[in-house]
Amino acid sequence: MADPRLTGPSLDPAARQVIGTYLAELADHLGGPAAARAAILAELEDGLWSATAAHQAGELSPEEAARAAVAEFGGPPTVAAGFGPELAAVTGRRVGLGLLATGPLVGSSWLLVAAATWTWAGREPPAALGLVAGLVGLVLVVAVPAAMVAVAVSGRLSRWLPAGPRVAATAAATAASACVVGDLVLLTGMLATTVLAGGMAWPAGVVAAGVSGVRLSLAGRAARRCLAARATLP
């Protein structure tokens, strides 16, 4: 009969519980995108099972070997902190790319509204529309460069920038916050136009409002994620 000590540790329920509990605690301390967290956890799990098998070869039971492997890796908060820069950079890069990709869609939607409401209909735009356009322009001056910085410093430049992950998370949070402000300005302008200037082209207006509403929600959450990722950095 085979010695139970030589049983593959991954097949032992007690060893699996030890490893599973450790990984669950570690997952609670990891931030960043789900795909990046899953990749890190999968890599760590492989390492834990390899370490467990090595300890079991030293005449430990599977459960004892798993506990030794977990102790060797360190506490979940400490291990998670080591991945903080990587996850902050990934978070900043994804948020920056997302904002740069969706910006033209949002802008085109509102330009269509303006064209359908004023230019094509031959109506005179209110003077307040210039204020809205100026505020949106100011938002773009902040958001676009910040998003580009977030993408740039989280790529190849990160090799030469020790503070790259912090800069990426900060720039992405700035860009996302600026987009929140921009969408609020656009939606407020739409409401004011509807009440004070006799309305606007509703089919296009509904689409533009919906697009801005979705981005407003996503950008707000993205800004919070970036700030949370930055907070984990030393």
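Modeller: An axis here is a line fitted to C-alpha atoms, for helices over the stretch in contact, and angles run from 0 to 180 degrees between N-to-C directions. Helices are DSSP runs (H or I, at least four residues; strands are E, at least two), numbered from the N terminus. This is a predicted model, in which local features need pLDDT of at least 70 and side-chain atom pairs count only at pLDDT 80 or more, while totals for chains, interfaces and linings use all residues. Residues are numbered from 1 along each chain as its sequence is written, and side-chain values use heavy atoms, with hydrogens and water left out.

I begin with helix 2 and helix 5, whose axes come within 10 Å and cross at roughly 155°. Helix 2 is therefore roughly antiparallel to helix 5; angles over 145 degrees count as such, those under 35 as roughly parallel, 65 to 115 as roughly perpendicular and the rest as oblique. Ala35, Ala36, Arg37 and Ile40 of helix 2 meet Glu86, Leu87, Val90 and Arg94 of helix 5, where contact means heavy atoms within 4.5 Å. By class, this contact has 5 nonpolar, no polar and 3 charged residues. Nonpolar covers Ala, Val, Leu, Ile, Met, Phe, Trp, Tyr, Cys and Pro, charged covers Asp, Glu, Lys and Arg, and the others, Gly among them, are polar.

Helix 5 (residues 84–119) also packs with helix 8 (residues 202–231): their axes come within 10 Å and cross at roughly 165°. This angle makes helix 5 roughly antiparallel to helix 8, and the crossing is left-handed. The contact comprises 14 nonpolar, 6 polar and 2 charged residues.

Helix 8 has 30 residues, which at 1.5 Å a residue should span 44 Å, and its end C-alpha atoms are 43 Å apart, in agreement; the expected span is 1.5 Å times one less than the number of residues. Among its buried residues are Ala204, Gly205, Val211, Ser212, Ala219 and Ala229, where buried means under 20% relative accessible area, exposed over 50% and partly exposed in between (1.4 Å probe, protein chains only). The buried residues of helix 8 pack against helix 5 and helix 7 (164–196).

Arginine 215 lies in helix 8 and is buried, with a relative accessible area of 13%. Setting aside residues up to four places away in sequence, arginine 215 touches Thr102, Gly103, Val106, Cys179, Asp183 and Gly220. Leucine 184, by contrast, belongs to helix 7 and is partly exposed at 44% relative accessibility. Its C-alpha atom is 8.6 Å from that of glycine 213, 29 residues away in sequence.

Helix 2 (residues 34–56) has a further partner in helix 3 (residues 62–73), the axes coming within 8 Å and crossing at roughly 125°. The two helices are therefore oblique to each other, and this crossing is right-handed. Among the residues in contact are Leu44, Gly47, Leu48 and His55 of helix 2 and Pro62, Ala65, Val70 and Phe73 of helix 3. They belong to a contact of 10 nonpolar, 4 polar and 1 charged residues.

Technical notes
Left-handed = near helix turned anticlockwise from the far one by under 90°.
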